[in-house]
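Reader: I've got a model open and would like to go through it with you. Can we start with one of the helices?
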Amino acid sequence: MSALAHDPRGEAARALALLPACGFAPEAVEALRALCAAALAPAQDRRLAGWLDAAAALPAPRGAVEAAGAVRAGEAWGEEGAGAGEGARAEGLLRALCPWRKGPLWLGGTHIDTEWRSDWKWARVRPHVEGALRGARALDVGGGNGYYGWRMWGAGASAVVVVDPGRLPHAQFCAAQRALALALARRGAPPPPVGHLPLTLEALTGAGRGTFDMVFSMGVLYHRRDPAAHVAALRAHGRAGALVVLETLVWAREGDAELPLAGGRYANMGNVWSLPTPARALRWLAEGGLGGGRLVDLTPTTVEEQRRTAWMSSFSLAEALDPADAARTVEGHPAPVRALLLAEVP
Ligand SMILES: C[S@@+](CC[C@H](N)C(=O)[O-])C[C@H]1O[C@@H](n2cnc3c(N)ncnc32)[C@H](O)[C@@H]1O
């Protein structure tokens with residue numbers, strides 16, 4: 001492969017190659033290889049081939065790469081002297097991967113203005129994790145398109161494995177990772193040591209155990225019907241002393257309780273099963289065998305942090321709030337508040 005080639009269809013294999021250094025036995029890696037192939041089989045989603053073709057057609061960006069202050073791959077697309085047409089072509093390819101939810105990303109000259117200001121969440125998380133991230137091998141469970149994985153790399157992680165079963169987020173990862181890799185290759189540098197497995201945490205855990213230094217679960221717990229099992233699986237992938245970072249929607253009040261949710265719906269989302277108070281979430285961490293559980297941040301989500309953009313044009317938070325009372329969701333529940341909790345694997 002030439003220095004300026006980076007095939008998006010090789011991304012799962014590149015992620016699997018990170019696993020031995022993260023504690024996975026060779027048999028586990030082979031089992032996961034088969035699961036990735038099944039997850040990415042064309043019959044799973046007829047759109048996937050088109051998404052990966054779009055990712056593979058992206059030109060190489062020119063300019064600096066960064067992931068510490070923002071995720072940025074160069075400032076322009078294509079070779080020196082390439083005209084505006086090359087930028088428009090690249091932007092069209094990236095638009096084929098809409099809706100973009102996690103970012104923002106600056107690829108080539110294109111600003112992908114995502115639904116979420118994920119950089120704001122990262123600004124809340126980073127002060128609590130940056131010491132531990134230096135040189136760390138990190139697992140990001142439910143990491144979406146990999147935005148936080150690149151930020152972890154930017155903060156000094158030596159390897160980041162993202163697991164997320166979403167196929168569009170996987171294709172978005174492939175596109176952005178290609179842009180980063182091609183921009184780095186122009187400078188003779190290797191691709192970011194960030195990999196994306198199109199799998200659930202349960203599939204990963206079923207195949208084997210990691211020995212990660214850090215395990216992140218952000219925005220996933222409330223989608224799980226069995227939060228205790230989720231915490232146990234997070235713990236299973238951390239080495240002794242590993243830092244576990246749990247970020248979740250909560251019911252922001254005193255006491256050890258859960259908000260009763262009818263039919264798994266909250267703020268226009270389906271598949272929301274548990275909204276614990278911070279005390280209940282801390283109890284789940286302790287019952288899952290994690291030590292030193294602590295709440296380090298509690299922040300209401302605003303319509304500035306989660307909003308409709310040109311890259312995610314359907315309903316967002318504003319449409320999920322009661323038009324007559326923004327302190328309530330359309331279902332009558334308290335409006336979203338997110339908690340950041342930390343704990344250690346003993
Ligand atoms: C609300 S998004 C959160 C994305 C990102 N971590 C963040 O904090 O912005 C939830 C993500 O969890 C993923 N997910 C859902 N169930 C999962 C599971 N069992 N294992 C891993 N990821 C899962 C979804 O595909 C989705 O991308």
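Reader: Which residues of helix 6 are buried?

Author: This is a predicted model. In it, the buried residues of helix 6 are Tyr 147, Tyr 148, Gly 149, Trp 150, Arg 151, Met 152, Trp 153 and Gly 154.

Reader: How many of the residues of helix 6 is that?

Author: Eight of the eight, residues 147-154, so helix 6 is largely enclosed by the rest of the structure.

Reader: And what is the phi of Gly 156, which follows helix 6?

Author: The phi of Gly 156 is positive, near 110°.

Reader: Switching to the ligand. Which residues come nearest?

Author: Gly 142, Gly 144, Thr 200, Met 218 and Gly 219 come nearest, out of 18 residues around the ligand.

Reader: What does the shell look like by class?

Author: Around the ligand there are eight polar residues, seven nonpolar ones and three charged ones.

Reader: Now the whole chain. How many helices and strands?

Author: The chain has eleven helices and 17 strands.

Reader: What is the radius of gyration, and what would a compact globule have?

Author: The chain has 20 Å, and a compact globule with 346 residues would have a radius of gyration near 20 Å, so the two agree. The C-alpha atoms fill a box of roughly 60 × 50 × 40 Å along the principal axes.

Reader: What share of the chain is buried?

Author: Buried residues are 46% of the 346.

Reader: And what about contacts between residues at least 24 apart?

Author: Those make up 70% of the contacts between residues at least 6 apart in sequence.

Technical notes:
Residues are numbered from 1 along each chain as its sequence is written. This is a predicted model: local features need pLDDT of at least 70, side-chain atom pairs count only at pLDDT 80 or more; totals for chains, interfaces and linings use all residues. A residue is near a molecule or strand if its C-beta atom, placed from the backbone, lies within 6 Å of it. Ala, Val, Leu, Ile, Met, Phe, Trp, Tyr, Cys and Pro count as nonpolar, Asp, Glu, Lys and Arg as charged, and the others, Gly among them, as polar. Helices (H or I, at least four residues) and strands (E, at least two) are DSSP runs, numbered from the N terminus. The radius of gyration is taken over C-alpha atoms; the globule rule is 2.2 Å times the number of residues to the power 0.38. A residue is buried if 20 or more other C-beta atoms lie within 10 Å of its own, exposed if 12 or fewer, and partly exposed in between; C-beta atoms are placed from the backbone. Two residues are in contact if their C-beta atoms, placed from the backbone, lie within 7 Å.
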